Amino acid sequence: MAEPGRLEVKAVSKSYAVPGRPRLDALVNASLDVEPGAFVTLVGPSGCGKSTLLRLILGLDKDYEGDILLHGERIAGTSLSRGIVFQDHRLLPWMTLEQNIGLALTNSTLPPEQQRRTIQSHIDLVGLQGFEKAYPHELSGGMAQRGAIARGLVGQPEILLLDEPLGALDALTRVRLQEELLRIWRAEGVTMILVTHDVDEAIFLSDTVIVMNANPGRIVKQVKVDLPPGLRDRVSPAFAALKREILVAMGEVVPHAAAQLAEA
Ligand code: ADP
Ligand code: MG
């Protein structure tokens, strides 16, 4: 019997039919255990199956091999227990911020007054108080992404899936929102599964970094980040060592400088 609250990805493979060509292996034999309240990051080059894995966990696609279990039960379709944030905020332009966030509660059984309070508390959580009636075009890129995070969390999911949520932001806004994500993660106690191709971001935020590679898409390594969250100095030797370990697993650098010399 599976432990309650755990997300288990067991030997999951997913291929896509491509007209006139053999099926494309987007993900091969991926296995992963995520404890409740963990912050897990998937890193890897474009095309290694990161978004595919998130879509399967979200429940958007049931056509795969293997098993994805939450509380020991196979995920069957989307549910309020899993929220998602994409790289583009996907807020509807004709709705205000609070209306956009409220959309995520369409299938909620909460009474309207409680829905209203939950929407407000999530606007406050992401620091957008005062912008309840603002339309998306009145928000900066960073603010719109905060709105998307509030929308992802308003249904009080157990798991928040984040598919390169900071990828389109400028460097300064990005670093600020990384700090915000940590704060929100602590405040909500939600499990976070974040996709990024920024190795620094992965080490800064998560307790486990899942390294993936492409052709075919697969998990090549799981790296524990044993540094205290919120106190991760991006230029410390410990941080650099983890970064090297991850880049080596990605095939981006050779295992050690000595190996480079030996080859020369
Ligand atoms: P990532 O998010 O890591 O960039 P994806 O999961 O989006 O990777 O894609 C993995 C592979 O599957 C890529 O080669 C991509 O082109 C392919 N792929 C993704 N979605 C589809 C689809 N709907 N149909 C066909 N191929 C797809
Ligand atoms: Mg992707």
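**Close-up views of a predicted model**

View 1. K50 lies in helix α1, residues 50-58 (helices, H or I of at least four residues, and strands, E of at least two, are DSSP runs numbered from the N terminus). The structure is a predicted model, in which local features need pLDDT of at least 70 and side-chain atom pairs count only at pLDDT 80 or more, while totals for chains, interfaces and linings use all residues. Residues are numbered from 1 along each chain as its sequence is written, chains are lettered from A and ligands numbered from 1 in the order in which they are written, and side-chain values use heavy atoms, with hydrogens and water left out. K50 is buried, with a relative accessible area of 5% (buried means under 20% relative accessible area, exposed over 50%, and partly exposed in between, with a 1.4 Å probe and protein chains only). Leaving aside neighbours within four places in sequence, K50 is in contact with L42, V43, G44, P45, E164, V195, T196 and M212 (contact means heavy atoms within 4.5 Å).

**View 2. Glu164, a contact partner of K50.** E164 is placed in the loop between β7 (159-163) and α5. Its phi is positive, about 50°, although E164 is not a glycine. Most residues other than glycine have a negative phi. At 16% relative accessibility, E164 counts as buried.

**View 3. The cis peptide bond from N215 to P216.** The omega of this bond is near -5°. Most peptide bonds are trans. P216 is found in the loop between β9 (208-213) and β10, and N215 lies in that loop between β9 and β10 as well. N215 also has a positive phi, near 60°, in a residue other than glycine. At 77% relative accessibility, N215 counts as exposed.

View 4. The side chains of R6 and D33 meet in a salt bridge, with 2.3 Å from N to O (a salt bridge is a side-chain nitrogen of Lys or Arg within 4 Å of a carboxyl oxygen of Asp or Glu). This pair links distant parts of the chain, with R6 in the segment before β1 (7-16) and D33 in strand β2 (residues 24-34), 27 residues apart. R6 forms a salt bridge with E35 too, the closest N and O atoms being 3.6 Å apart. Here the linked parts are 29 residues apart, E35 being in the loop between β2 and β3 (39-43). R6 is buried, with a relative accessible area of 15%, whereas D33 is partly exposed at 40% and E35 is partly exposed at 36%.

**View 5. The salt bridge between E201 and R174.** Side chains of opposite charge can pair when their charged atoms come close. The side chains of E201 and R174 meet at 2.8 Å, N to O. E201 lies in helix α6 (residues 199-205) and R174 in helix α5 (residues 171-188), so the pair ties together parts that are 27 residues apart in sequence. E201 counts as buried at 1% relative accessibility, and R174 is buried with a relative accessible area of 15%.

**View 6. Arg232, buried without a salt bridge.** R232 is placed in the loop between β10 (218-224) and α7 (237-249). The nearest side chain of opposite charge, D207, is 6.3 Å away (Lys and Arg count as positive and Asp and Glu as negative; His and the chain ends are not counted). A polar atom of the R232 side chain lies 2.7 Å from the backbone oxygen of S206. Leaving aside neighbours within four places in sequence, R232 is in contact with I203, F204, L205, S206, V225, L227 and F239.

**View 7. The largest pocket and its lining.** The largest pocket has a volume of about 520 Å³ (the space filled by probe spheres set on grid points, which are joined across faces, edges and corners). On a 1 Å grid over the protein atoms alone, a pocket is an open set of points where a 1.4 Å probe fits, with protein on both sides within 12 Å along at least five of seven lines, and lining residues have an atom within 4 Å of a point. The lining comprises 19 residues, of which R82, G83, I84, A104 and R151 lie nearest the centre of the pocket. At least two lining residues are supplied by each of β6 (82-85), α2 (97-103) and α4 (141-153). The largest share, three residues, comes from β6.

Conventions:
Polar contact = N/O pair within 3.5 Å; in protein donor to acceptor, adjacent residues only side chain to side chain.
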